[in-house]
Amino acid sequence: MPIRCKRCRAALSEIYIPYARLNLCPDCFLKFYTSKVKRTVEEFKMFRDDDVVGVAVSGGKDSMALLHALKYGFPKLSLKALHVNLGIANYSAHCQAKVEKLVESLDVELHIFDLQKEIGITIGDFKRTPFKDKLCSVCGTIKRHVFEELAIRAKVKVLATGHNLDDIVAIMFNNFLYGQWEQLVRLKPVLPPLAEGMAYKVKPLIKCPENENLLYCLYGNVPFREMECPFSSGTGVKKKARIIETAAGDNPYFKHQLLNRFLELIPLLERNKPQKSFKTCQICGFPSLDQICAYCKRLSLVWRAMGKA
Ligand SMILES: [Zn+2]
Ligand SMILES: [Zn+2]
């Protein structure tokens with residue numbers, strides 16, 4: 001016998017949420033998802049209704065679902081979409097087109113930072129540097145910096161990113177395993193600005209499993225990129241944390257439990273290991289642990305490799 005939706009009891013169920021033991025129809029799933037995002041924002045006091053919030057959108061399912069859900073969950077919020085064009089042939093144009101399609105349908109202002117146009121490099125140019133086998137890592141460093149810059153340009157007070165539950169627990173577990181306590185602390189749901197004039201960083205999807213973000217896009221007609229990044233090595237943190245997937249197979253609450261324990265651990269870690277003090281990067285003026293920040297170091301490497309320095 002077909003199963004009916006547990007919420008509306010009218011439509012047929014198409015989606016099962018194992019940790020909540022819920023059978024849902026598509027409409028009730030969309031409501032379930034947006035109200036979960038809303039509750040997460042409220043639980044961690046990520047922003048207020050009248051704040052200006054920027055969403056870092058890559059074109060991937062997580063960040064696209066986030067922008068869409070925030071627009072519907074917080075209709076009064078002033079939302080802006082921030083996008084970095086990485087200049088990767090056949091890929092970046094596809095990502096940007098998806099982002100443009102979504103912001104147009106939601107009527108959200110879009111701010112783009114095009115690496116090629118603004119600083120004359122693309123992520124592929126790093127193949128000529130010692131980072132050639134670590135493009136994902138160097139891309140992460142570049143994006144982190146550029147999103148800070150975009151947040152200042154777009155005058156947003158809060159910068160929301162699409163980190164999902166699976167990403168967060170995998171990275172937390174990995175940091176835990178290798179004793180990388182400072183990086184573990186940086187995964188908390190709300191990170192205060194590194195310096196005055198910079199944005200708060202928040203993670204409203206911290207409780208949303210990856211597959212729910214995908215289902216939200218599919219059932220909610222949210223456009224998202226359908227290509228894998230050609231430079232993605234497929235050996236990310238998630239692969240290393242395969243043990244989490246194994247444990248989660250027997251226990252649908254496992255990832256939530258893991259997240260909750262880590263969130264309890266973070267204040268204890270912060271109390272015992274005070275944050276390192278930041279200097280100011282001598283080139284770009286952003287907060288940095290060294291005289292020159294990681295972003296500027298990488299840029300000078302790639303410029304030198306391209307004969308521009
Ligand atoms: Zn229903
Ligand atoms: Zn710098």
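Two residues are in contact if their C-beta atoms, placed from the backbone, lie within 7 Å. In this predicted model, 15 residues of domain 1 are in contact with twelve residues of domain 2. On the side of domain 1 that touches domain 2, helix 5 (residues 135-153) gives the most, with five residues. Sorted by class, that side of domain 1 has eight nonpolar, four polar and three charged residues.

Domain 1 covers 26-275 and domain 2 covers 277-309. Between the C-alpha centres of domain 1 and domain 2 there are 24 Å.

## The chain as a whole

The chain has twelve helices and ten strands. Its radius of gyration is 20 Å, close to the 19 Å that the globule rule gives for 309 residues, so the chain is as compact as a globular protein of that length. Taken along the principal axes, the box filled by the C-alpha atoms of the chain is roughly 70 × 45 × 40 Å.

Buried residues make up 37% of the 309 residues of the chain. Among contacts in the chain between residues at least 6 apart in sequence, 70% join residues at least 24 apart.

Six strands form an open sheet, and their order is 5-4-3-6-8-7. The pairing in this sheet is mixed. Strand 5 and strand 7 (190-191) stand at the edges, and each has a single partner strand, so one side of each is left without a neighbour in the sheet. Strands of a sheet pair through backbone hydrogen bonds, either parallel or antiparallel.

## Strand 3 and its neighbours

Strand 3 (residues 52-56) is largely enclosed by the rest of the structure, because four of its five residues are buried. With strand 4 (residues 78-85), strand 3 pairs in the parallel sense over five bridges. Opposite Val52 stands Ser78 in strand 4. Strand 3 and strand 4 also belong, together with helix 2 (residues 61-73), to a right-handed β-α-β unit.

Strand 3 has a further parallel pairing, with strand 6 (residues 158-160), over three bridges. Here the bridge partner of Val55 is Ala160 in strand 6.

Gly87 is placed in the loop between strand 4 and helix 3 (92-106). A residue with 20 or more other C-beta atoms within 10 Å is buried, and one with 12 or fewer is exposed. Gly87 has 19 other C-beta atoms within 10 Å, so Gly87 is partly exposed.

Not counting residues up to four places away in sequence, Gly87 touches Ser92, Leu115, Gln116, Thr122 and Ile123. Gly87 and Ile123 are 36 residues apart along the chain, and their C-alpha atoms are separated by 6.5 Å.

## Two loop residues with positive phi

Most residues other than glycine have a negative phi. Asp107 is not a glycine, yet has a positive phi of about 60°. Asp107 lies in the loop between helix 3 and strand 5 (109-114). With 8 other C-beta atoms within 10 Å, Asp107 is exposed.

Asn221 is not a glycine either, and has a positive phi of about 55°. The loop that holds Asn221 runs between helix 8 (210-219) and helix 9 (237-240). Asn221 is exposed, with 8 other C-beta atoms within 10 Å.

## Ser288 in strand 10

Ser288 is part of strand 10 (residues 287-288). Ser288 counts as buried because it has 21 C-beta neighbours inside 10 Å. Leaving out residues up to four places away in sequence, Ser288 touches Phe278, Lys279, Thr280, Cys281 and Cys293.

From Ser288 to Gly197 there are 91 residues in sequence and, C-alpha to C-alpha, 15 Å in space.

Methods: Residues numbered from 1 in each chain as written. Chains lettered and ligands numbered in written order. Predicted model: local features only at pLDDT ≥ 70, side-chain atom pairs only at ≥ 80, totals over all residues. Domains from an automatic or database assignment. Nonpolar A, V, L, I, M, F, W, Y, C, P; charged D, E, K, R; others polar. Pairing = 2+ DSSP bridges. Right-handed = clockwise from strand over helix to strand, strands pointing away. Rg over C-alpha atoms; globule rule 2.2 N^0.38 Å.
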